[in-house]
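My entries follow in the order in which I made them.

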Amino acid sequence: MTGSQQVPGPPDTVNPRAHSRIPVPASALAGHQFLRGMPPAHLGLLATAASLVDVPAGHRFFAAGRMPHQFWLIRAGQVALDVDVPGRRRIIVETLGRGELVGLSWSLPPGQWQFGAVATQPTEAFEFDAAAVLRCCDEDPVFGFELTRRVLAAVAHRLQATRARLLEASAQST
């Protein structure tokens with residue numbers, strides 16, 4: 001995780017359609033840390049909305065203020081969550097790596113990205129169609145509950161990491 005570092009590389013986008021997309025079998029999802037232990041039937045539901053993507057360093061997954069249409073689970077690489085600070089450049093608020101979830105705002109429609117996300121190195125990820133996953137959650141409440149528990153665990157982890165960074169910053173400033 002990173003404190004207030006500036007985002008490297010180009011300030012914005014690489015064509016999001018420029019990366020490759022490969023369909024994903026449920027068995028491939030089973031080994032991802034975020035999904036480990038999920039019942040096979042639920043992995044099958046997720047697989048219907050998933051593709052494997054390879055994106056180059058500098059690819060912007062999303063920008064703050066935009067509507068979420070996808071979310072990602074990182075298989076390899078690194079993604080920085082960033083925020084625009086008025087009068088300054090974008091700063092990194094957290095760096096995510098293998099096994100982590102990129103994007104939380106999709107889970108509470110109508111969501112809006114609160115941060116941006118950019119690949120800081122070549123990244124391979126499972127990309128999910130958020131609307132399709134939300135439909136699966138509506139159609140299968142047990143699946144919806146299982147996925148919600150996992151998303152909330154990611155939210156709790158990020159809040160704890162933010163708290164630790166704030167305490168560290170506070171101790172350094174006194």
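Entry 1. I began with Cys-137, which is buried, with a relative accessible area of 16% (buried means under 20% relative accessible area, exposed over 50%, partly exposed in between, with a 1.4 Å probe and protein chains only). Cys-136 is buried too, at 12%.

Entry 2. I noted the basis of the work: this is a predicted model, in which local features need pLDDT of at least 70 and side-chain atom pairs count only at pLDDT 80 or more, while totals for chains, interfaces and linings use all residues. Residues are numbered from 1 along each chain as its sequence is written, and side-chain values use heavy atoms, without hydrogens and water.

Entry 3. How many disulfides does the structure hold? I found zero, a disulfide being a pair of cysteine sulfur atoms within 2.5 Å. The sulfur of Cys-136 lies 7.1 Å from the closest cysteine sulfur, in Cys-137, which is too far for a bond.

Entry 4. I turned to helices H3 (residues 130-139) and H4 (residues 141-173), whose axes come within 5 Å and cross at roughly 125°. Helices (H or I, at least four residues) and strands (E, at least two) are DSSP runs, numbered from the N terminus. Axes are lines fitted to C-alpha atoms, for helices over the stretch in contact, and angles run from 0 to 180 degrees between N-to-C directions.

Entry 5. I listed the buried residues of H4, among them Phe-143, Leu-147 and Arg-150. The buried residues of H4 pack against H3, helix H2 (40-47) and strands including E6 (79-84), with contact meaning heavy atoms within 4.5 Å.
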